[in-house]
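Dear colleague,

Please find the structure below, handed over for your review. A summary of the findings follows it.

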Amino acid sequence: MELTPETVVLITGASSGIGAATARRFAREKVRLVLAARRRERLEAVAAECRQVGAEVLAVPTDVTVPEQAQTLVRRAVEQFGRLDVLINNAGRGNCAAVEETTPEQLWRIFAVNAFALWYVTAPALPVMKAQGRGHILVIASVAGKWGYPYNSAYVAAKHAAVGFVAALRTELLGTGVEATVVCPAAVDTEWGMVTEGGPLGALFQEGVRHSKQVAHELGLPLAPLPTILTAEQVAEQLVDVVRRPPRGDVFTHPGTQELAVLVAQDRRAFEEQMLPFYLGVQRVYSQWRQHA
Ligand SMILES: NC(=O)c1ccc[n+]([C@@H]2O[C@H](COP(=O)([O-])OP(=O)(O)OC[C@H]3O[C@@H](n4cnc5c(N)ncnc54)[C@H](OP(=O)(O)O)[C@@H]3O)[C@@H](O)[C@H]2O)c1
């Protein structure tokens, strides 16, 4: 899609991390932006930065897990700008708990923001885009939507649901002129790892990586390289490309992760063997944390 001053881009989870970086990056294209998240002050600060580079911005404080607020968000975007071209469903949150410790409340909240909200926000946007005969729905899922990680099963399952959401949506959009793309980042340097429910998942994984070296040494296993950590700005740059040139398949932002997804599909056991030192390293850290809790 060509980006012009008339193009309207709505981004959820725009108050920090990937969403904020994506807002700033699209602002440089001088499109019209609609930004949503719960933290009003953080959202307004991002909106102000975008306006400074010449973008027109509507900031709408929104909890995307509340269907009425999601509907209001889309309605206000269309009332303000008269159209909606790109919807980036980016809001998301992780959790940190073993399967047997995951509470029903955690499950509900994690599925609400990472999965249910995709329906809540996308559904009111679809009639607008279909009437225009043009639009692009992006969903920021994760490589956690393609394979598993320990101690965040609710997030992994909800991101698998997000991948499934786009797979189904694409079949409904064939012939409408509206695109749908799922984006699967690996580690990105944002606040995400520290705001997980149940504990800091980012710290668990960082410690797990350190322990994995010891595990690999003890078991005589090779230590498979893990995907490099990207900045939110690097991911934002890729998202602008995805909108400009809609890809034929799912988007993997980190080098090597598409190949890992293929391996998971073909031979999950071989993938798990490759990841074993990391998984066992994380297991060690988690059990140490629990002993000291
Ligand atoms: N960082 C990574 O390593 C990584 C890897 C793969 C995928 N992802 C995915 O990338 C997306 C962006 O995450 P990030 O890394 O940029 O983390 P982040 O900095 O924590 O940003 C998350 C954003 O989601 C918003 N949000 C959370 N709950 C919300 C709700 N109920 N309603 C509206 N907005 C809500 C937050 O804003 P408020 O708190 O102000 O509402 C925030 O703007 C997420 O979907 C995440 O799962 C991240």
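Which residue is the bridge partner of V183 in β9? The partner is V251. Please note that this is a predicted model, in which local features need pLDDT of at least 70 and side-chain atom pairs count only at pLDDT 80 or more, while totals for chains, interfaces and linings use all residues. Residues are numbered from 1 along each chain as its sequence is written.

Strands here are DSSP runs of E of at least two residues, and helices are runs of H or I of at least four, both numbered from the N terminus. Two strands pair if DSSP finds at least two bridges between them. An open sheet of seven strands has parallel pairing and the order β3-β2-β1-β4-β5-β6-β9. At its edges are β3 (56–61) and β9 (251–252), each pairing on one side only. Strand β6 (residues 178–184) runs parallel to β9, joined by two bridges.

Strand β1 is largely enclosed by the rest of the structure, because five of its five residues are buried (20 or more other C-beta atoms, placed from the backbone, within 10 Å of a residue's own). V8, L10 and T12 point one way from β1, whereas V9 and I11 point the other way. Five bridges pair β1 with β2 in the parallel sense; among the residues involved, V9 has L33 as its partner in β2. On β4 (residues 86–89), which pairs with β1 in the parallel sense over three bridges, I88 stands opposite I11.

Yours sincerely

Technical notes:
A residue is buried if 20 or more other C-beta atoms lie within 10 Å of its own, exposed if 12 or fewer, and partly exposed in between; C-beta atoms are placed from the backbone.
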